[in-house]
Amino acid sequence: MDEQDAKILNRLQRGLPLSATPYGDVAAELGMTGEELIRRVRRMKEEGVIRRIGAVFNPAALGYVSTLVAARVPPEGVEAFVAVVNAYPGVTHNYGRRGAYNVWFTLTCKGEDELARTIDEIRAATGVKDLISLRSREVYKIDARFEV
Amino acid sequence: MLTEEEKGVIRALQGDVPLVEGPFREIGLRLGMAQERVMTVIAGLIERGVIRRVGAVVRHGRVGYGTNAMVLWAVPPERCRAVGERLAAFSAVSHCYLREPYLEGRYNIYTMIHHRGTEEDCAALIDEMAKEVGIEDRLVLYSEREYKKTSMEYL
């Protein structure tokens, strides 16, 4: 990754212009051709630096509900637990963390019923009883952009 | 409520915007919409807060943010908003929420921190945050393993 790549990443995280030629417009701003920008973006996607170029949604505005679940899983059971949890498409983030609660995942569902049912299913399927659903009540910041 | 047009555009944008000279034209061709209409619908969804942004989603671990911590703070209920807003102002904080129920009866404010330095550097920043808001009681949970990280498909 060089300086040009960094400029592209910073610019494209701010947002794609809504125009007939958004990549060309960004390229012109950064002093390169549209072809070069597209070539670099394609490479960074292949390398896994860019996960995707697309929309980031507000789940609540689409009628979805989401939560953060903290789970206390015995170390020898983590692999099996993660396999069950990750199979749900509504689980988008799942991390192992150091602490009494050692597995933390986010769950997004179509409504309260589905959310409650999913958590019950996970409890039943894994035998992990200590699962806490931590619902967000206030949002002070959401900004998953990373200055490069 | 979403119109059929909006649903089509959302489906197109929850995946990848095509990497071609005219991506909105291409999305329009797929959906049977003029590109101007595609852009108008996107602008409307942004305006209404359905879409937060259209742009690059970056893997932070791949661009130098190697240390990631979730920090839970035990904040007296009447101070949550003020403390939450001050913690949110730190540039290393990507997400800041008040969550319920309070974990262990007292941890309520959650901050996600992404740091370019070592765990020691990150710990120093967390100390600074604690001093800034005057809250000592906190749980620092470093990420050890990423088991899953994807984007939701809504429609």
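Across the interface of chain A and chain B, the rule finds five salt bridges, a salt bridge being a side-chain nitrogen of Lys or Arg within 4 Å of a carboxyl oxygen of Asp or Glu. In one of them, the side chains of Arg137(A) and Glu100(B) meet at 3.2 Å, N to O.

Before going on, colleagues, a word on the source. This is a predicted model, in which local features need pLDDT of at least 70 and side-chain atom pairs count only at pLDDT 80 or more, while totals for chains, interfaces and linings use all residues. Residues are numbered from 1 along each chain as its sequence is written, chains are lettered from A in the order in which they are written, and side-chain values use heavy atoms, with hydrogens and water left out.

I turn to the extent of the interface. The contact (heavy atoms within 4.5 Å) takes 70 residues from chain A and 76 residues from chain B. About 7,200 Å² is buried between the two chains, and carbon and sulfur atoms give 58% of that area; buried area is the accessible area (1.4 Å probe) that two parts lose on being put together, summed over both. Of the area that chain A buries against chain B, Arg51(A), Arg98(A) and Tyr140(A) supply 13%, more than any other three residues.

Finally, the strands, which are DSSP runs of E of at least two residues, numbered from the N terminus. Strand β3 of chain A (residues 91-97) pairs with strand β5 of chain B (residues 138-149) in the antiparallel sense over five bridges; pairing requires that DSSP finds at least two bridges between two strands. Here Gly96(A) stands opposite Arg145(B) in β5(B).

Conventions:
Helices (H or I, at least four residues) and strands (E, at least two) are DSSP runs, numbered from the N terminus.
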